[in-house]
Amino acid sequence: MAVSTVYTVQIQSLNSISTPSKSHLGFNQLLYSSGKKTRRATHISCSADNDKTVVIGLAADSGCGKSTFMRRLTSVFGGAAEPPKGGNPDSNTLISDMTTVICLDDYHSLDRNGRKEKGVTALDPKANDFDLMYEQVKAVKEGIAVDKPIYNHVTGLIDPPELIKPPKIFVIEGLHPMYDARVRELLDFSIYLDISPEVKFAWKIQRDMAERGHSLESIKASIEARKPDFDAYIDPQKQYADAVIEVLPTQLIPDDEGKVLRVRLIMKEGVKYFNPVYLFDEGSTISWVPCGRKLTCSYPGIKFAYGPETYFGHEVSVLEMDGQFDRLDELIYVESHLSNISTKFYGEVTQQMLKHADFPGSNNGTGLFQTIVGLKIRDLYEQIVASKVAAPLEATKA
Ligand SMILES: Nc1ncnc2c1ncn2[C@@H]1O[C@H](COP(=O)(O)OP(=O)(O)OP(=O)(O)O)[C@@H](O)[C@H]1O
Ligand SMILES: O=C(CO)[C@H](O)[C@H](O)COP(=O)(O)O
């Protein structure tokens, strides 16, 4: 059978800065096949086990807890996540032993001035290069290193690219991981952080007013200015997510200002390698107040709920927590009543939560559900790897 060679070829790009390389795909390069069957040339560098890069998508608006979630996720896999060594100090990438997290802001095709001139926001697809995003995520998934551009949030400019080598787990986080159907297809698992407007406002005030010195009016104006594009391009992605973490004001206190949270973990049924978590009895509808002798609760208490629902036409299971923990060490009591949480030992969720007690949301359902989703992703990764190891063995038996 004739097998064609693969060539790296130049294509037009807005950002053609990198020189053609034999060892990885630059962002102005493409795989080119001259025949029906394509085989990658040996000069293209691949990871040792190049068919095992698992791709995870995390979507949310800016300031909605993506970085916090990523810190919890990388901690589950062990090892600290650091920016690329010796690289651009304004890189948005975080690398640990097992994971590489890239921020999709790096695929902005218009810089801050360009957006201003054209009158578009960063949320608008016109300000982003989805062709490049697709080509590069696909390459990394196939074990090929890429030169990814960097969007510099300090200067508002697009900086020279950085090399991204294929990791075991490749997380693409940002505004649009599920917007483009081709990129969506590459995801092994996807998560959407759905923060209600009231809570988003409270978090923005906390960060941008207290930590960055912005005025209340400017925060309100920025949320308002982004809203039409958020509704048009970001929010609709939640229908594609395998898991959604929905963050709402509490129902335990009337008119609370977003301090006490009601958090819902919406888990799609029928996703390969993902078995939704359940409380007490799978498929039942449960309401549970764990407060009492085994769990200390001050006002307004804690309420859990679990049950089947429909979400954008999909069958889902929903686990809900309203309220906040007084004592994190007592979380073990709640953990012991949850099933399918994919822990490796009894109390692993509680251990993770205690380890990062200083992260935002550690006393409520945001931290709890982010930790659980992190464990589910580890489990998904291990199952995918096991299935790929088993596949060639099965083939040799046949
Ligand atoms: N679970 C939470 N509970 C309370 N506050 C939170 C929570 N998660 C995030 N925040 C608040 O929101 C702010 C932004 O969080 P984070 O940096 O994780 O979001 P982000 O989506 O990565 O933001 P950006 O895209 O703008 O960098 C934090 O500084 C904190 O004030
Ligand atoms: O929505 C965003 C995602 O982080 C940012 O606003 C977007 O990336 C533009 O960044 P900047 O405001 O730094 O120019």
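This is a predicted model: local features need pLDDT of at least 70, side-chain atom pairs count only at pLDDT 80 or more; totals for chains, interfaces and linings use all residues.
An oxygen atom of ligand 2 lies 2.8 Å from an N or O atom in the side chain of Arg-112. A polar side-chain atom of Arg-115 is placed 2.9 Å from an oxygen atom of ligand 2, and for Arg-226 the corresponding separation is 2.6 Å. Ligand 2 taken alone exposes 360 Å², of which the protein buries 78%.

Lys-238 was examined separately. This residue is located in the loop that connects α6 (216-234) with β10 (243-249). Lys-238 is classed as buried because its relative accessible area, 12%, falls under the 20% cut-off. Beyond residues up to four places away in sequence, Lys-238 touches Tyr-192, Asp-194, Val-244, Tyr-311 and Phe-312.

At the level of the whole protein, nine helices and 16 strands are assigned. Of the 398 residues, 52% are buried. The accessible surface amounts to about 18600 Å², with carbon and sulfur atoms contributing 52% of this area. Among contacts between residues at least 6 apart in sequence, 66% join residues at least 24 apart.

Notes. Residues are numbered from 1 along each chain as its sequence is written. Chains are lettered from A and ligands numbered from 1 in the order in which they are written. Side-chain values use heavy atoms; hydrogens and water are left out. Helices (H or I, at least four residues) and strands (E, at least two) are DSSP runs, numbered from the N terminus. Buried means under 20% relative accessible area, exposed over 50%, partly exposed in between (1.4 Å probe, protein chains only). Contact means heavy atoms within 4.5 Å. Accessible areas come from the Shrake-Rupley method with a 1.4 Å probe; for residues, only the protein chains shown count as cover. A polar contact is a pair of N or O atoms within 3.5 Å; within protein, one must be able to donate a hydrogen and the other to accept it, and residues adjacent in sequence count only if both atoms are side-chain atoms.
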